[in-house]
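This note is intended for a colleague who is meeting the structure for the first time. Please read the numbered points beside the display below.

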Amino acid sequence: MLLLATSVKLITEIALLAMVGQWLLGLLAGSKRDGNFLYRLLQTLTSPVVKAVRIITPRFVLDRHIPLAAFLALLSVWLVATIAKINLCLQLGVQACR
């Protein structure tokens with residue numbers, strides 16, 4: 001169980017950092033961001049999460065709001081995984097979590 005909580009937390013952190021990096025690069029690159037290789041790479045990394053959130057959200061939610069909803073969903077998953085990991089570490093002992 002500890003491995004599962006740690007793995008979910010790690011994958012979520014990678015996706016969150018990719019979303020933040022994509023947002024910052026989008027701010028820096030401006031309208032030329034679609035031609036930027038790194039921006040497209042980060043977009044490829046985050047696209048499964050964004051597509052999944054698009055599927056579960058109602059149609060009246062605008063497409064431009066979906067990345068924010070995906071970020072908040074990832075943040076929620078990260079928070080749950082962190083709490084689960086802390087609880088498991090307290091149950092198993094701190095030595096098991098090192």
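1. Helices are DSSP runs of H or I with at least four residues, strands are runs of E with at least two, and both are numbered from the N terminus. Under that scheme, Leu4 is placed in helix α1, which covers residues 2–29. Thr6 belongs to helix α1 as well.

2. On the source of the coordinates: this is a predicted model, in which local features need pLDDT of at least 70 and side-chain atom pairs count only at pLDDT 80 or more, while totals for chains, interfaces and linings use all residues. Residues are numbered from 1 along each chain as its sequence is written, and side-chain values use heavy atoms, with hydrogens and water left out.

3. Overall fold. The protein chain contains 3 helices and 0 strands, in the order α-α-α along the sequence. The chain is more spread out than a compact globule, because its radius of gyration of 16 Å is well over the 13 Å that the globule rule gives for 98 residues. That radius is taken over C-alpha atoms, and the rule is 2.2 Å times the number of residues to the power 0.38. Along the principal axes, the C-alpha atoms fill a box of roughly 50 × 30 × 15 Å.

4. Accessible areas come from the Shrake-Rupley method with a 1.4 Å probe, and for residues only the protein chains shown count as cover. The accessible surface of the chain is about 7200 Å², with 72% of it belonging to carbon and sulfur atoms. A residue is called buried under 20% relative accessible area, exposed over 50%, and partly exposed in between (1.4 Å probe, protein chains only). Of the 98 residues, 24% are buried.

5. Contacts along the chain. Contact means heavy atoms within 4.5 Å. Of the contacts between residues at least 6 apart in sequence, 62% join residues at least 24 apart. Thr6, which is partly exposed at 30% relative accessible area, is 76 residues from Thr82 in sequence, and their C-alpha atoms are 8.0 Å apart in space.

6. Salt bridges. How many salt bridges does the structure hold? There are 2, a salt bridge being a side-chain nitrogen of Lys or Arg within 4 Å of a carboxyl oxygen of Asp or Glu. One of them joins the side chains of Lys9 and Glu13 at 2.8 Å, N to O; these residues are 4 apart in helix α1, so about one helical turn separates them. Lys9 is buried at 17%, whereas Glu13 is partly exposed at 25%. Arg54 and Asp63 also form a salt bridge, at 2.5 Å, N to O. Here Arg54 is buried at 15% and Asp63 is exposed at 54%.

7. A nonpolar surface patch. Met1, Leu4, Val8 and Val77 make up a nonpolar patch on the surface, with about 390 Å² of accessible area together. Patches are made of residues with over 30% relative accessible area and no salt bridge; like charges are joined within 9 Å and nonpolar side chains (Val, Leu, Ile, Met, Phe, Trp, Tyr) within 5 Å. Leu4 itself is exposed, at 51% relative accessible area.

8. Surroundings of Asn36. Asn36 is partly exposed at 24% relative accessibility. Residues up to four places away in sequence aside, Asn36 touches Leu25 and Ala29. Gly26 is 10 residues from Asn36 in sequence and 9.2 Å away in space, C-alpha to C-alpha.
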